[in-house]
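Here is a short briefing to read alongside the sequence and the model. It goes through the chain contact and then the nonpolar cores.

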Amino acid sequence: MTNHNTTSLKKAILNELEREFVLKKGTLKDNESLNQFTWDSLSVVMLITMLSKDFNIDVDPIEITSAETVQDLVNIANSKLKL
Amino acid sequence: MTHFAKIKNIEYVLGEQEISDELLIKENPTWNITNISLKTGIKIRYAVKPNQCASDLAVLAAEELFNQANFDRQNIDYILFCTQSADHFLPATACLMQERLKIKQVCGAVDYNGGCSGFVSGLGIAKGLIETKQVNNILLITADTYSRFIHPKDKSVRLLFSDAATAILLTNEAQNESIGPFSYFTNGKGANNLIVRDGAMRYPINSESKVDTIDCYGNTRSNVNLYMNGPEIASFSMVSVPTVLNKFLENNKLSYNDIDFFVFHQANKHMLEQLRCKLNIPTNKFHSSSCDIGNTVASTIPIALKRMQLDGLLSTGKKLLLLGFGVGYSIGITLINWV
């Protein structure tokens, strides 16, 4: 997988999370815990559909809800990025 | 003499209780409803009164159909009733419709449990009945009252679904094939992701059935309420719909350019937009504006067709691809050559 793809994937995930949790753009850090945010099922849907639409990545919803940090989520998505 | 099935008329009725964002915010101040409505595109939900059934909406839709189509109901040979909210376990609600609509007794009447792909399935069944010359004219009804399954404190579904009924008149008057081909897909592994668990034969009502529980997102429901695992449904939709659709087009030697309009099950605006982008379908060919009235289950596609017709979009010869997807899991696809 190219560095360009992984970089843009990480950026897209951070953007999506910041939008979903109404955070100032650029403030979310890799090591931040996801447990501090209030997820609802629609938040998970937004992430799943974005990854599928923009990166052709299919992530199991359970994997998203089991991720503890932002970086965990990025790693999960990266592992499914098709060459 | 030709004997091809065609869609002759469509009418629809929505539940008469309007549930606005304002009403929901008043009841549930902690729900971020405005934000959710922006994403789903749903402006108002519609619900039946507490003692109203899907069949009550269906009668209204059918009467409107007979009136608008100027069609003698005594020429109906078959009633197909698509519902997941039947009046009784038995008899079929379609039989009750025969009596309530005063349709002749020399008539078939069956229910089928179709859900989001139910309209496409109904077209397939109707085409088979008509084009094998078993019958000439069919009253196809889609009707659901999900509001009666939904717990008022379950945000995951309360904001999404509406009650409605559609009545569709199918006749044998088409000169050429107007409906079809078809493709169907089923994956029962997804059954538990959109379900009303208790109350039928597998899990009859017991002392635990109506006990409320709260899920990890703070939604309240019991086993007699509708449960929808939105993320799993979304995941299924984003994977299976493109796969099945592309296979359908390939098998029928069609390209996206051959289709004038794609009319998918109007689940919600966000889901449709994600699918449209993934499939690279231009916006002017993709109908999604019927999401504003909420997810009416099997009725979303016929309601969309009626609205498109009223907007003057459906002229003779237009090629429509209808795709229902959801509960089951199930997907149904068909082509309509509009006549």
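Contact here means heavy atoms within 4.5 Å. Please keep in mind that this is a predicted model. With that in hand, let's start where the chains touch.

**Where chain B meets chain A**
- The contact draws on 20 residues of chain A and 17 residues of chain B.
- About 1600 Å² is buried between the two chains, with 67% of that area coming from carbon and sulfur atoms.
- On the chain B side, K39(B), Y217(B) and P231(B) lose the most area to chain A, and together they make up 33% of what that side buries.

**Polar links and the elements behind them**
- Three salt bridges are found across the interface; K155(B) and D40(A) meet through their side chains in a salt bridge, at 3.2 Å from N to O.
- Four residue pairs are in polar contact across the interface.
- Helices 2, 6, 7 and 8 of chain B each supply at least two residues of the side that touches chain A, and helix 7 gives the largest share, seven residues.
- That side of chain B consists of eight nonpolar, five polar and four charged residues.

**Nonpolar cores**
- The largest nonpolar core has 49 residues, and F161(B), F264(B), L321(B), L323(B) and F325(B) have the most contacts inside it.
- Helix 2 of chain A is among the elements that each supply at least two residues of this core, while helix 7 of chain B provides the largest share, nine residues.
- Beyond its neighbours within four places in sequence, L323(B) is in contact with residues including V241(B), L245(B), F264(B) and I333(B).
- A second, separate core of 31 residues includes L123(B), V263(B), L322(B) and I336(B).

Notes. Residues numbered from 1 in each chain as written. Chains lettered and ligands numbered in written order. Predicted model: local features only at pLDDT ≥ 70, side-chain atom pairs only at ≥ 80, totals over all residues. Heavy atoms only, no water. Buried area = accessible area lost by both parts, 1.4 Å probe. Salt bridge = Lys/Arg side-chain N within 4 Å of Asp/Glu carboxyl O. Polar contact = N/O pair within 3.5 Å; in protein donor to acceptor, adjacent residues only side chain to side chain. Helix = DSSP H or I, 4+ residues; strand = E, 2+ residues; numbered from the N terminus. Nonpolar A, V, L, I, M, F, W, Y, C, P; charged D, E, K, R; others polar. Core = buried A, V, L, I, M, F, W, Y, C linked by side-chain atoms within 4.5 Å. Buried < 20%, exposed > 50% of the residue type's maximum accessible area, 1.4 Å probe, protein only.
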